[in-house]
2 protein chains.
Amino acid sequence: MYEKEYLMLPGPTPVPPRVLRAMSEPLVNHRGPSFKKLIEEVTEGIQYVYQTKNDVLTLPSSGTGGLEAAIVNFLSPGDKVLALSIGAFGERFATIARNYGCIVEQIDYEWGTAANPDDVRTRLSADTKGEYKAVLVTHNETSTGVANDLKAISEARGNHPALLLVDSVSGLGVMDAKTDDWQLDVVVTAAQKGFMIPPGVAFVSVSPRAWKAYESSKAPKFYWDLGTAKKYLEKGQTSWTPPIPQYTALKEALKIFRDKGMDYIFTKQLYLRDITRAGVKAMGLKLVAADEVASAAVTAVWAPEGIEGKLINKKMREEYNVVVAGGQKKMENKAFRIGHLGYVQHVDMLVVIAALEMCLLDLGYPVELGKGVKAAQEVIMSRKGIL
Amino acid sequence: MYEKEYLMLPGPTPVPPRVLRAMSEPLVNHRGPSFKKLIEEVTEGIQYVYQTKNDVLTLPSSGTGGLEAAIVNFLSPGDKVLALSIGAFGERFATIARNYGCIVEQIDYEWGTAANPDDVRTRLSADTKGEYKAVLVTHNETSTGVANDLKAISEARGNHPALLLVDSVSGLGVMDAKTDDWQLDVVVTAAQKGFMIPPGVAFVSVSPRAWKAYESSKAPKFYWDLGTAKKYLEKGQTSWTPPIPQYTALKEALKIFRDKGMDYIFTKQLYLRDITRAGVKAMGLKLVAADEVASAAVTAVWAPEGIEGKLINKKMREEYNVVVAGGQKKMENKAFRIGHLGYVQHVDMLVVIAALEMCLLDLGYPVELGKGVKAAQEVIMSRKGIL
């Protein structure tokens, strides 16, 4: 490949060169002292991003593997769980629970909206017998670009003992998630999103309450057994052979998080989100998510009436080297999604907006060239110095 | 560094990742068979870009070293040379000749204009005794963004035996230069410009006529001795220790030239030039070079009345991570220069234009955000499919 790509997906994200370079370090024995030092350092760094003192286990898998681990370690067949689904990934989390024999009570919210904490409050407060074993929730719904209010959802449990299992695959490291303060029992994420390293590792945090549930979990497991993972971590290892270069990359990426601090990251992500939304809105396009619930990681946009979403993706990629994601499931071909996380900065978004303008004009949508860019520039200028 | 930089200099240029990666190959003995194979392959590739069958020697130096080699190998103290100077680098080439005792007749053209081939015709045709030993000319004047018409200047020599010594440091690999067809006796360039590899190597092509002049050259030389370089090249070596990673990088970069073909490169460069110029003009800024002589490698722009050029550079870099060059010599603080060569593509220019808009607005220049971008987008769209 000679041409440059602007990789504007909600993961994998662009990776900082220094992080890519860190992947070329010589391999080490994953059962030896060098890896022990590496995983200890990395785990501490992940805990920093998670804002937690809970155990955090790393698994050689994609994010979905992490979600499966969150189900099979803390639940048993026949357990009743409340699944809040606001999109394709909420659906997926519920499906995993269902596949392992849980009795899933799923609340489906209209795509583009967030889950209502009151629904959690109503169901759990009515459950005097404590039948709900867990609430499943997506932090950032990658398919719609909607962020749920984790804090409010957690609080809505009141004194009910249900665990809160959180899919934060595209949320952690992008949007605030105070694992300890907000009492998030199990939080799953993956390397190729907010952590901006290549795919290959998922992370799962486990609260003491969740470990208690682990003891009685009867779901079948071997690869995903977090008890095994914990025992290995105590020796400075992973249960199964880990993708070692991802760990050296992570070590480097975590230095950036430490250097910049989480506030910087969260502020930057909101900045990128607002630049993107302003540009898209100025073109007259409709956003899937309302401003109040808009994700800082990804912006989903409805394709204009009469224009196929896939055509937009194709044109963006082929003519402007800008790679955006397509619409998922029921949004397939009807929407596209702009990722703005990882190694991405304010002015990069201008390329995306400008390319989108050209693309749409070409497809017959009446857009005034430069208008979206102008709106995006205005956001950039109005918040100068915030970073 | 965490932030990304848009390196929009007239060299060093952004380098394709595959070329950067090629620099991490294990070092080889520069007096052994691996390097022989490498330099032979690389030399053939350079000849392809030069469009020449002449010898091409590679020197461990910057472009200026190549210029010095062009003087000291083919001229002697007391030799009369005609130097066509259209900017800082024309001036430099003449200065080198002067430092080695040549009698330099220098024609200074107004900065922003090109050399007039008629001046060469007039002087050389009047020189019936053949006193002029060489004509010095800059292909692409990096300080003003003006390209000279090498073909016309070469032809203007008529039957006069003066050598044509060409500084094509920022021209080769960007703009057409048919070394053989246009009878360019000595052509100098450097790695970090059109060849889009990191700095460290200069290239000099030598015509048979120039080799003849070499025989009688009395200028003192050792490091720059191209006769020595030629003897070493025949053994598959360089006279002095070469920067080996630049050679492996060059090998990779040359594959891109071969794959794409020179026409692709030249067309692309004109495209980038025209996108840039349209954007800058739409902001109401004045370009240093007129359209007819505008460089495909770099665009020099006058800072608006009352705004310091250096402030523009500083703001572009600090606030938008866009690195452009400053004005040189008499243009210092009065102009800035946008490089658009190397690993740069159409949509990258939109970032530069958008950043420039924001920058100027901030400095009090009345620019309408998005207007320059729109003009640039229009050029992009109007030439779709040319690459």
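Predicted model: local features only at pLDDT ≥ 70, side-chain atom pairs only at ≥ 80, totals over all residues.
I will start with the two copies. In general, two copies of a chain are related by a rotation about an axis and a shift along it.

Next, the interface between the chains. How many residues are in contact?

Six salt bridges are found across the interface of chain A and chain B. In one salt bridge, the side chain of Asp362(A) meets that of Lys384(B), at 2.2 Å from N to O. As background, side chains of opposite charge can pair when their charged atoms come close. Polar contacts between chain A and chain B come to 21 residue pairs, counting pairs with both residues at pLDDT 80 or more.

Now to the inside of one chain. The domain assignment divides chain A into domain 1, residues 17-258, and domain 2, residues 261-382. Their centres, taken over C-alpha atoms, are 28 Å apart. The contact involves 27 residues from domain 1 of chain A and 23 from domain 2 of chain A.

These two domains of chain A bury about 2,000 Å² between them, 69% of it on carbon and sulfur atoms. On the domain 1 side, the residues that lose the most area to domain 2 are Trp111(A), Gly145(A) and Val174(A), which together make up 27% of what that side buries. How many salt bridges cross the interface of domain 1 and domain 2 of chain A? The search gives zero. Polar contacts between these domains number five residue pairs, again with both residues at pLDDT 80 or more.

On the side of domain 1 of chain A that touches domain 2, two or more residues come from each of α2 (33-50), α4 (88-99), β7 (146-147) and α9. The largest share is that of α9(A), at three residues. By class, the residues on this side divide into 14 nonpolar, ten polar and three charged.

A few single sites remain. Over all chains, the structure has 50 salt bridges. One pairs the side chains of Glu44(B) and Arg258(B), at 3.8 Å from N to O. Glu44(B) is in helix α2 of chain B and Arg258(B) in helix α9 of chain B, so the pair ties together parts that are 214 residues apart in sequence.

Staying in chain B, Ala114(B) is in the loop between β4 (103-108) and α5 (117-126). Leaving aside residues up to four places away in sequence, Ala114(B) touches Ile86(B), Tyr109(B), Val146(B), Ala147(B), Asn148(B) and Val293(B). With Asn148(B), the separation is 34 residues in sequence and 5.4 Å in space, C-alpha to C-alpha.

Last, the backbone. Most residues other than glycine have a negative phi, and most peptide bonds are trans. Where does this model depart from that? The peptide bond from Gly11(A) to Pro12(A) is cis, with omega near -5 degrees. Pro12(A) is in the loop between β1 (6-8) and α1 (17-22) of chain A. In chain B, a cis peptide bond joins Gly11(B) and Pro12(B), with omega about -5 degrees. Lys329(A) has a positive phi, near 50 degrees, and is not a glycine. Lys329(A) is placed in the loop between β12 (322-326) and β13 (335-339) of chain A.

How values were computed:
Residues numbered from 1 in each chain as written. Chains lettered and ligands numbered in written order. Heavy atoms only, no water. Salt bridge = Lys/Arg side-chain N within 4 Å of Asp/Glu carboxyl O. Polar contact = N/O pair within 3.5 Å; in protein donor to acceptor, adjacent residues only side chain to side chain. Domains from an automatic or database assignment. Contact = heavy atoms within 4.5 Å. Buried area = accessible area lost by both parts, 1.4 Å probe. Helix = DSSP H or I, 4+ residues; strand = E, 2+ residues; numbered from the N terminus. Nonpolar A, V, L, I, M, F, W, Y, C, P; charged D, E, K, R; others polar.
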